[in-house]
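Please go through the briefing below with the model open beside it. The points are grouped by topic.

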Amino acid sequence: MKLKNHIKQSVLIAVMPIIFSGSLTAQTEGRHVKVFASSAKEKEMLVAQPDIVLQQDLETENLLINVYPEFRYQQILGFGAAFTETSAYNFSLLSPDAQQKVTEYLFGKTGIGMNFCRTHINSSDFGLDEYTYVENGDVELKTFNIDRERKYVLPMVKAALRVNPDLWLFASPWSPPAWMKDNNSVIRGGHLLPNFYQTWADYFSLYLKEFQKEGVNFFGVTIQNEAKAVQTWESCIWSGREEGEFAVNFLRPALDKNGFGEAKIMIWDHNKERVMERARESMSVPGADKAIWGIAHHWYSGDHFDNLRMAHELFPDKPLIATENSGGGVRSREIDWQAVERYARETIGDFNNFTSAIVAWNMIVELETGGPYHNRSTGTSAPIFYDPKTKEFILGTLYYTKGHFSKFIRRGAVRIGSSTYSDAVKAAAFSNPDGEIIVVILNTSEEDATPKIRLNNSTVTFNLPAKSLLTMVIPQ
């Protein structure tokens, strides 16, 4: 019931931004603001700074970052990353003590508090090799089992749930089994054959049921990871209309029939550049409005933040979820400031254009290779690196950058109004359920600045170093 209530609230806020004029007269003078900073110059991340104090100020102009609690937009559902087999395998290589530390760092209250995470149905490119859950040609799915996930993925998921029982999960397939596809392969795209639509819908339900037997429940699913990409790794192509028809005629009925009526269905799960068009195409299918809950998107093909805004304007009751937002970056013990800036800029842009949750890709990759992986030529970055030489873990750039958001913005927070004095300074503001205000500010310029943050009738000057990222916490 708790999950359902959050969803309903999110929809209401997305449909109708609310203006509370009474908050304009709220007393803000004297509030102590906590500040946490990262900067390229200091090469330190998420470091607490001395408190600053808001003072009454009705006159200041210029160099202002405004915060407007009376303008309330979408509800925030959470932050996370993916329990890939790669991440879980690297997790398994750590000592029990290190595993406990990693789960606390990622999911705990003293860590960055991830609470909205992804798994993959069948193999993805970030795993040890290709696999599915059934034998070839098993149309009735009698051989279905998730033993492969019991080896690495499930132990890591369960460890996370012990630290954070309020972890929401969603699952995404990279490809159906080869025998269900027109190219008879799990790689290089191909299409699901129409005569296997029902079988594939039942496959989703069996996945959720087998995890449920292990004490792991799911918030929802996406129909297909990167539904337009023909990849050298596991992939499958869907048109927008095909996704809509599959959701309405097969997946939603299968989930309902098998006891997963509360499981949410998301479409697209691919780059922002086409998110509005794909949503429009899928939602044109009769019955889609009821069957499809949300719209998933990735960061890889450029900004296109306006495409998110247009998707929201067309379908204001369909939450936007960033299901792969990692920002790239090198694997190193040192801070990669370019990656800090890319991730923070992307995240602020997503939130300011109605995204409700931000999910990165891998959680843990091997330091040197960025893997393990298969069917591809390169690895990737992640919040945490596993060092095979020392058999220890390293908190990476993405860990701290993500923490600027996820450590402070609670589930149920609402994005509120904000504006900045320069295109080089990006900001997003949020009101937590208890009324605490969080403001995340990114300075992309090469210049130090001393702007003021303004809330209602008060301001305070703060240091904004060149190439820096700040999180401000303003108490209720």
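Helices (H or I, at least four residues) and strands (E, at least two) are DSSP runs, numbered from the N terminus. This is a predicted model, in which local features need pLDDT of at least 70, side-chain atom pairs count only at pLDDT 80 or more, and totals for chains, interfaces and linings use all residues. Residues are numbered from 1 along each chain as its sequence is written, and side-chain values use heavy atoms, with hydrogens and water left out.

**Salt bridges**

- A salt bridge is a side-chain nitrogen of Lys or Arg within 4 Å of a carboxyl oxygen of Asp or Glu; by this rule there are 28 salt bridges.
- Side chains of opposite charge can pair when their charged atoms come close.
- Arg150 and Asp147 form one of them, at 2.6 Å from N to O.
- Both Arg150 and Asp147 belong to helix H4 (residues 147–151), where they are 3 residues apart, about one turn of the helix.
- Arg150 is partly exposed at 31%, and Asp147 is partly exposed at 47%.
- In a second pair, the closest N and O atoms of Glu210 and Lys213 are 3.0 Å apart.
- Glu210 and Lys213 are separated by about one helical turn, because they are 3 residues apart in helix H6 (residues 197–213).
- An α-helix has 3.6 residues a turn, so residues three or four places apart point the same way.
- Glu210 is buried at 12%, whereas Lys213 is exposed at 61%.
- Asp387 and Arg333 also meet in a salt bridge, at 2.3 Å from N to O.
- Asp387 is in strand E15 (residues 384–387) and Arg333 is in the loop between strand E12 (320–324) and helix H11 (337–351), so this pair ties together parts that are 54 residues apart in sequence.
- Asp387 is buried, with a relative accessibility of 5%.
- A network of salt bridges links Asp147, Arg150, Lys158, Glu210, Lys213 and Glu214.

**Nonpolar cores**

- A nonpolar core is a set of buried Ala, Val, Leu, Ile, Met, Phe, Trp, Tyr and Cys residues joined through side-chain atoms within 4.5 Å.
- The largest nonpolar core has 109 residues, and Phe83 and Met363 have the most contacts inside it.
- H6 gives the most to this core, with 8 residues.
- A second, separate core has 23 residues, including Leu54, Ile416, Ala427 and Ile441.
- Contact means heavy atoms within 4.5 Å; leaving out residues up to four places away in sequence, Phe83 touches residues including Phe107, Cys117, His120, Leu167 and Met363.

**Aromatic rings**

- Rings of Phe, Tyr and Trp (its six-membered ring) pair if their centres lie within 6.5 Å; planes under 30 degrees apart count as stacked, over 60 as edge-to-face and the rest as tilted.
- The whole structure holds 38 aromatic pairs.
- In the pair of Trp299 and Tyr300, the ring centres are 5.3 Å apart and the planes are at 40 degrees, so the pair is tilted.
- The rings of Tyr399 and Tyr400 have centres 5.3 Å apart and planes at 90 degrees, so the pair is edge-to-face.
- Tyr399 is buried at 4%, and Tyr400 is partly exposed at 23%.
- Helix H12 (residues 397–406) has 9 of its 10 residues buried, so it is largely enclosed by the rest of the structure; Tyr399 is among the buried ones.
- A charge sits over a ring if NZ of Lys or CZ of Arg is within 6 Å of the ring centre and within 35 degrees of the ring normal.
- The charged end of Arg411 sits over the ring of Trp168, 3.8 Å from its centre, and that of Arg415 sits over the ring of Phe354, 5.0 Å from its centre.

**Backbone and loops**

- Most residues other than glycine have a negative phi, and most peptide bonds are trans.
- The peptide bond from Gly371 to Pro372 is cis, with omega near 5 degrees, and Pro372 is in the loop between strand E14 (364–366) and E15.
- Lys43, not a glycine, has a positive phi of about 55 degrees and is exposed at 62%.
- Asn122, not a glycine, has a positive phi of about 65 degrees and is buried at 1%.

Key:
Buried means under 20% relative accessible area, exposed over 50%, partly exposed in between (1.4 Å probe, protein chains only).
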